[in-house]
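Subject: Structure for you to look at

Dear colleague,

I am passing on the structure below, and my notes on it follow. Please read them with the model open beside you.

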Amino acid sequence: MAINMASLVYPVMILLIMGYVIDCQALQKGFYSDTCPKVEDIVKSTVQKAFNDDATIAPGLLRLHFHDCFVQGCDASVLISGDSSERTAFANAGLRGFEVIDDAKSQLESVCPGVISCADILAIAARDSVSLAGGPSWSVELGRRDGMASSASDVSNLPAPIDSVDVQRQKFSDKGLSDHDLVTLVGAHTIGTTACLFVKYRLFNFTATGNSDPTISPSFLSKLQNMCPQSGDSSDRIPLDKDTVSKFDVSYFKNIRNGNAVLESDQRLWGDSSTKSIVQNYAGNIRGLLGLRFNLEFSKSMVKMGAIGVKTGSLGEIRKVCSQFN
């Protein structure tokens, strides 16, 4: 049978043009079954210990994984320290959890030297953090390798608090993620806090005329103004979910529906017909059922996000120390 070479070459060219590199290996469950079977147990115990000491580390580790995947793919490039590395970018200024990943890596190097990537540790730690906060657990596909570049100048496509839905949609679409993934993954804001810096502009001078963002409910506006006064410290932190800041649940979506979202980008999801219907599905009135639905969909979207731009096979490296290239 004759083979049309153009039919084989063309898709490859498309992938290369898009910036992807074809590799024969893919992420898989049980990747370390033979080489380091205790990897997930070690990471889980490390995250558990950190969580017991400070439960706010859960949203920190989850956000760390998200910020890693959205810049150069899930390759632990965000973990690299240095004057111009990703973690020095303004958008990454509040990232936390580096020491937890370093701790897990140190333990794994003593048991399975040169085997476990920092990128995989970060993906497992994010899953375990969600579970400890009362959210779902899922099987993490493994086999990522660590990237060999990290530059603050590349940190320009992370979703931002001021983004419109169209901008958010484009940023997620660029990573192969749908509107459904967007709303579901942003649901991670059910846990954690944000700085008043990203909120105050909505409260006192939203359109340069001294008014507030009209999408904020009046009762919640007064609470936000008390938590983030106009003359207050912009570095002060407030809960992203006004009701259950430490519990992974669907109250975040109810907040959006009721005009009680803390971030402008979150509240904007209610003003777009596509994202609004997804928010409504999660926010409905049957708490238990909708909680199960969100947990299931969040797990799926996390697996999908965790595969963005991964380096496998002979690409990248396995770092000895997560904050340094070999």
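The side chain of Ser117 has a polar atom 3.0 Å from the backbone nitrogen of Asp120, and a polar atom of that side chain also lies 2.7 Å from the backbone oxygen of Arg144; a polar contact here is a pair of N or O atoms within 3.5 Å, in which one must be able to donate a hydrogen and the other to accept it, and residues adjacent in sequence count only if both atoms are side-chain atoms. This is a predicted model, in which local features need pLDDT of at least 70 and side-chain atom pairs count only at pLDDT 80 or more, while totals for chains, interfaces and linings use all residues. Residues are numbered from 1 along each chain as its sequence is written, and side-chain values use heavy atoms, with hydrogens and water left out.

Ser117 sits in the loop between α4 (98–111) and α5 (118–132), and this residue is buried, with a relative accessible area of 0% (buried means under 20%, exposed over 50%, partly exposed in between, with a 1.4 Å probe and protein chains only). Leaving aside residues up to four places away in sequence, Ser117 touches Tyr32, Arg144, Arg145, Asp146 and Ile318, where contact means heavy atoms within 4.5 Å.

The other residue to look at is His67, where UniProt, in an unreviewed entry, places the feature "active site"; such annotations may be inferred rather than shown by experiment. His67 belongs to helix α3 (residues 57–69), helices being DSSP runs (H or I) of at least four residues, numbered from the N terminus. His67 is buried, with a relative accessible area of 8%.

With regards

Notes:
Helices (H or I, at least four residues) and strands (E, at least two) are DSSP runs, numbered from the N terminus.
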